[in-house]
Amino acid sequence: AVLKIRPAVSQNPYRGCDPCSQTQRSKLQHRRARINQQINKEMRMRAGAENLFRATTNNKVKETVALELSFVNSNLQLLKEELEELNSNMEVYQTESEAINVPMIPLGLKETKEVDLTVPLKDVICEHYGEDSSLFDKEIKEFMELRQAMRTPSRNEAGLELLMEYYNQLYYLDQRFFPPHRTLGVHFHWYDSLTGVPSCQRALAFEKGSVLFNVGALYTQIGARQDRSATAGIDRAIDAFQRAAGAFNYLKENFSNAPSLDMSGPSLCMLVRLMIAQVQECVFERVTLTTPDTHFITQLQVAKEAARVSDVYSLVLQTMSQTLVKDYVPFSWASMVQVKAEHFRALSHYNAAVALCDHTRGDEESAKALFQFHVSSPAGPPLSQVLRDPEDRRKLGKAHLRCAVIRHEEAMRVHGLCKILRKMDILQEVLSFMYKRSLDKYSEMDREDDFDETAEAPEIHSQTQHKPDITPPNFSTVPVTDIFQRLGPLSVFCARARWGPVRVVSLQRGDGGLGLTLRGDSPVLVAGVVPGGCAQEAGLREGDYIVAVDGEDFKWAKHGEVVHILKSCNEANALQRTIGRAKGQRTAPLLNWNRKKTGGGGRATKRLGSTFSLPFGNLRDCESMY
């Protein structure tokens with residue numbers, strides 16, 4: 001029989017999104033990556049032209065370079081405007097539900113270049129740890145596959161876990177391969193999320209900070225895509241935006257001197273406030289879904305919730321207007337925030353008018369709620385009389401409706417000034433519907449014989465039933481195993497340790513035993529050496545770590561395992577191996593590590609076992625370290 005077979009292909013355990021897939025989000029990310037590369041190219045050309053302009057003394061050359069610089073700057077401006085339009089494309093990230101919701105503001109992911117860490121990691125494994133670097137090809141490949149996958153995370157929980165897993169692995173990579181006062185010569189390239197300007201650093205902290213930024217950005221996309229027509233979707237959106245705020249806030253508090261503007265302190269502060277505002281908006285939506293509209297007090301509470309949303313968006317707008325952020329934030333973002341501040345202020349006045357005109361009761365509880373409702377007392381009769389007189393209630397409600405109509409008109413005016421917002425049909429639909437509703441209500445309350453000038457409605461106290469939380473990232477939710485754990489326990493085998501030269505140690509049991517004392521585990525420590533004993537004559541010293549016995553790795557061995565293997569060695573095997581080595585036949589290579597002492601005695605491991613002497617046994621092919 002002739003069989004035609006296909007060999008099995010090893011599966012990559014780390015999977016991101018397919019960057020070539022034809023989904024709208026993938027197309028958007030692909031276009032963003034292409035524009036980032038073009039911006040990088042133009043900026044290099046500009047830097048070269050500027051250097052030539054400063055260096056040359058030839059006037060003709062200066063004129064030519066100046067003309068070229070004008071073209072390059074023009075191209076850069078066009079590319080940045082194109083990237084801003086992509087970053088303002090909020091509809092791609094919104095929910096596909098048919099429910100009408102005001103769009104949220106998501107963030108695009110930071111793009112990064114490929115980085116090949118193979119050679120630098122192998123150099124450290126060989127030079128610092130004294131290991132055969134080819135034995136760690138599998139671990140290096142696994143780490144590189146993880147980094148490649150995290151560049152295109154899926155927009156769900158699996159994508160978040162992928163980013164968090166890579167972030168946690170960077171901790172181990174930092175401890176294993178990045179000593180405090182030395183760099184590996186590896187450059188990490190990341191593009192600004194909003195401007196596309198490339199940044200490059202050799203510090204691993206830049207890589208960690210950029211990954212954490214993408215965690216927050218991915219949470220914003222997950223929150224924006226939720227169907228907020230039901231409480232379950234609203235709760236998921238609240239959780240996502242709170243976690244996004246936590247990621248940006250953690251980044252602001254723990255990473256400094258970021259080379260890109262999107263990770264600077266003012267920008268992160270703005271992003272945190274923006275996420276909190278979007279949480280507050282979701283809270284308002286949940287209140288409107290769960291609150292019956294037939295009760296006076298609950299209607300006032302809805303008005304207070306809307307006023308609170310307007311206040312937090314006004315605070316975000318102030319933050320976006322600061323000097324360091326004003327020229328950085330996309331115009332569409334600032335316009336959207338201003339539209340929402342006006343929109344929810346209008347909703348606050350509309351709900352106040354509905355409460356006064358449709359649901360008023362004259363009981364004591366309603367009177368107390370109305371007294372606490374306004375920032376200042378409205379002009380005209382006292383509120384106690386307003387509750388009793390339907391005509392006074394109508395006039396005050398009409399004043400609130402007038403404010404609602406004015407605010408709606410301002411929101412629509414700001415909306416019309418932004419080309420990108422004008423393309424968002426759902427936003428236009430929401431604003432038009434709410435404006436028409438307020439206008440119809442105002443026309444309904446307006447009377448032909450009403451010749452009194454409509455009073456100015458006082459501002460409404462903002463209050464919320466649910467204060468947004470900033471949920472910091474919980475890195476322990478995605479437990480990882482150190483990819484390079486075969487190098488040994490991290491407490492001992494780390495980049496901060498200083499290693500001495502490799503030496504070979506071969507011991508044979510004498511009449512008085514080996515003459516050493518062991519303590520601790522993972523790895524086991526040589527706690528003491530008997531003067532004049534076999535261990536001292538072989539070159540063992542107090543503070544050495546036993547990391548291998550007879551060619552078998554013992555870096556992770558417990559105390560009892562090492563004791564058992566030493567006791568199991570017999571004298572016959574020891575003599576036979578010693579003779580074989582005398583003939584130059586090394587059946588098992590021996591590496592003995594020694595870490596240079598920085599002062600004081602040897603350093604024991606954290607977990608200490610019992611201390612005792614071994615009266616017999618053979619210790620051979622031992623790698624000891626301190």
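**Figure 1. The side chain of Arg147 reaches the backbone oxygen of Lys113 in this predicted model.** The distance from the Arg147 side chain to that backbone oxygen is 3.0 Å. A polar contact, also at 3.0 Å, joins the side chain of Arg147 to the side chain of Thr112. Arg147 itself belongs to helix H4. Its relative accessible area is 2%, and therefore Arg147 is classed as buried. When neighbours within four places in sequence are left aside, the residues in contact with Arg147 are Thr112, Lys113, Glu114, Val115, Tyr166, Phe188, Trp190 and Glu207.

**Figure 2. Arg147 and Glu207 meet in a salt bridge.** Side chains of opposite charge can pair when their charged atoms come close. Here the N to O distance between the side chains of Arg147 and Glu207 is 2.8 Å. The pair links distant parts of the chain, with Arg147 in helix H4 (residues 137-150) and Glu207 in helix H6 (residues 204-224), 60 residues apart. Is Glu207 buried or exposed? Glu207 counts as buried because its relative accessibility is 0%. Arg147, at 2% relative accessibility, counts as buried.

**Figure 3. Lys110 forms a salt bridge with Asp262.** The closest N and O atoms of Lys110 and Asp262 are 2.9 Å apart. This pair links distant parts of the chain, since 152 residues separate Lys110 from Asp262. Lys110 lies in the loop between helix H2 (59-87) and helix H3 (118-127), while Asp262 lies in the loop between H7 and helix H8 (265-290). Lys110 and Asp262 are both buried.

**Figure 4. A salt bridge joins Lys340 to Glu281.** In this pair the closest N and O atoms are 2.9 Å apart. Lys340 is in helix H11 and Glu281 is in helix H8, so placed that the pair links distant parts of the chain, 59 residues apart. Both residues, Lys340 and Glu281, are buried.

**Figure 5. Five residues are linked in a network of salt bridges: Asp311, Glu342, Arg345, Arg407 and Glu459.** How many salt bridges does the count come to? The count comes to 21 salt bridges.

**Figure 6. Tyr250 and Phe475 form an edge-to-face aromatic pair, one of nine aromatic pairs in the structure.** A pair of aromatic rings is described by the distance of the centres and the angle of the planes. For Tyr250 and Phe475 the centres are 5.5 Å apart and the angle between the planes is 70 degrees. The pair links distant parts of the chain, 225 residues apart: Tyr250 is in helix H7 (residues 231-254), and Phe475 is in the loop between helix H16 (425-445) and strand S3 (516-519). Because its relative accessibility is 25%, Tyr250 counts as partly exposed. Phe475 has a relative accessibility of 18% and therefore counts as buried.

**Figure 7. Tyr313 and Phe344 form a stacked aromatic pair.** Their planes are 15 degrees apart, and the distance is 6.5 Å centre to centre. Tyr313 in helix H9 (residues 296-320) and Phe344 in helix H11 (residues 331-358) link distant parts of the chain, 31 residues apart. Tyr313 and Phe344 are both buried.

Figure 8. Lys555 lies over the face of Phe493, 6.0 Å from its ring centre.

**Figure 9. The largest nonpolar core holds 106 residues.** In soluble globular proteins, nonpolar side chains tend to be buried together. Which members of the core touch the most other members? They are Phe143, Leu173, Phe177, Phe248, Trp333 and Phe484. H8 gives the most to this core, with 13 residues. Residues up to four places away in sequence not being counted, Phe248 touches Leu107, Phe213, Gly216, Ala217, Thr220, Leu268, Leu271, Val272 and Met275. A second, separate core has 15 residues, among them Val505, Val524, Leu540 and Val562.

How values were computed
Residues numbered from 1 in each chain as written. Predicted model: local features only at pLDDT ≥ 70, side-chain atom pairs only at ≥ 80, totals over all residues. Heavy atoms only, no water. Phe/Tyr/Trp six-rings, centres within 6.5 Å; stacked < 30°, edge-to-face > 60°. Helix = DSSP H or I, 4+ residues; strand = E, 2+ residues; numbered from the N terminus. Buried < 20%, exposed > 50% of the residue type's maximum accessible area, 1.4 Å probe, protein only. Lys NZ or Arg CZ within 6 Å of the ring centre and 35° of its normal. Salt bridge = Lys/Arg side-chain N within 4 Å of Asp/Glu carboxyl O. Core = buried A, V, L, I, M, F, W, Y, C linked by side-chain atoms within 4.5 Å. Contact = heavy atoms within 4.5 Å. Polar contact = N/O pair within 3.5 Å; in protein donor to acceptor, adjacent residues only side chain to side chain.
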